[in-house]
Amino acid sequence: MNSLPTRLRRLRSSEARRSLFQEDELRLSDLVLPIFVEEDTSEYLELNALPGIKRIPESRLAFELEKYAKSGIRSIMTFGVSHHKDDTGSDTWNENGLVSRMARICKDTVPEMILMSDTCFCEYTTHGHCGVVHDHTVDNDATLLNLQKQAVAAAHAGADFIAPSAAADGQVQAIRQALDAAGFGNTGIISYSTKFASSLYGPFREAGGSELKGDRKTYQMNPMNRREALRESLIDEAEGADALMVKPASYYLDVIRDIRNASTLPVAAYQVSGEYAMIKFAAAAGAIDEAQVVRESLSSIKRAGADFIFSYFAADLAQQGL
């Protein structure tokens, strides 16, 4: 007797069947919206490389937060655009500096919204690197000391999670120790645990006002190294991270899956500025359907194993009723 043919289309023949047998789901609550907040200005700034994204004047941050909350966004990541830069990024640990002010505004305005404070120095230093530069090299251990100070300042101002992105060895352990010593044992750490030296960050530098000359290849990861990518995240898990992150996302789906298979921690992925821009510009040229491609791209990241996703599309999707 001939075997009967497999008919997978039996599971696809109606919308109800497709919904019933769908394996993964993309929800608005899975998305974190990164925002750029600029001090000492009253004007929104349109970003040429990130169509639809603006720098928010600090004076308008509360208004924007209320709008986000009403649309259903539950989590944000704050990036500051500083007008008070120096060689070390010292404004980041000033209790009245931009990092702390953003956090206080967020928690005073929408206290139930989850606030993740990006913890780095590239937007706050005159050289644009992610730490202290000595002899043309980022000094890892000196940077750790400053990360501790910034993390404590952000936690004191109300941040729910510290998100260290400086790619300094030992940063999670150092920050955990500093938070605990300062009495912030309930403040979590979402680590940029596997952060690649990617070519997709270009639009972000315009958005954040980074003045970087050169690159970050000595401290961010080689995009060709899959085993090292897993090792990086597992080290951060051992150091006390509460969640792990892969950045960028869509070019590194294999790495997201590797980490998902190796760890029981929540896994995040950051759909970065270049990924966003490519979709926006392709849609503007009429080459793709933006709404469908956005959902497909985010779904691929979820399918690879990410529990939540940082995406500049979050605000658009909220408005569309995802």
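Me: Which residues does Y312 touch, not counting residues up to four places away in sequence?
Reply: Those are L33, P34, F36, I53, F204, Y270, Q271, V272, S273 and Y276. They count because contact means heavy atoms within 4.5 Å. Before we go on: this is a predicted model, where local features need pLDDT of at least 70 and side-chain atom pairs count only at pLDDT 80 or more, while totals for chains, interfaces and linings use all residues. Residues are numbered from 1 along each chain as its sequence is written, and side-chain values use heavy atoms, with hydrogens and water left out.

Me: Is Y312 buried or exposed, and how do you know?
Reply: Its relative accessibility is 2%. Buried means under 20% relative accessible area, exposed over 50%, and partly exposed in between (1.4 Å probe, protein chains only). So Y312 counts as buried.

Me: What makes the link between the side chains of Y312 and Y270 a polar contact?
Reply: Their distance is 2.9 Å. A polar contact is a pair of N or O atoms within 3.5 Å; within protein, one must be able to donate a hydrogen and the other to accept it, and residues adjacent in sequence count only if both atoms are side-chain atoms. So the Y312 and Y270 pair qualifies.

Me: Which residues does the "binding site" annotation cover?
Reply: S273 and Y312, according to an unreviewed UniProt entry. UniProt positions are given in the numbering used here, feature names are shortened, and annotations may be inferred rather than shown by experiment.

Me: Why can we say that these residues gather at one spot?
Reply: They span 40 residues in sequence, but no two of their C-alpha atoms are more than 7.5 Å apart, so they do gather. S273 also has Y312 among its contacts, along with others including L50 and P203.

Me: Where does S273 sit, and is S273 buried or exposed?
Reply: S273 is in helix 9, residues 273-284. Helices (H or I, at least four residues) and strands (E, at least two) are DSSP runs, numbered from the N terminus. With a relative accessible area of 1%, S273 is buried. Its side chain reaches the backbone nitrogen of F204 at 3.0 Å.

Me: Why is the pair R27 and D30 called a salt bridge?
Reply: A salt bridge is a side-chain nitrogen of Lys or Arg within 4 Å of a carboxyl oxygen of Asp or Glu. R27 and D30 meet at 3.0 Å, N to O, so they pass. R27 is partly exposed at 42%, whereas D30 is buried at 2%. Together with K302, they are linked in a network of salt bridges.

Me: What makes R176 and D242 a tie between separate parts of the chain?
Reply: Their closest N and O atoms are 3.8 Å apart, which makes a salt bridge. R176 lies in helix 5 (171-181) and D242 in the loop between helix 7 and strand 10 (243-247), so the pair ties together parts that are 66 residues apart in sequence.

Me: How do you know that E123 has no salt bridge?
Reply: Lys and Arg count as positive and Asp and Glu as negative; His and the chain ends are not counted. For buried E123, the nearest side chain of opposite charge is R216, 7.1 Å away.
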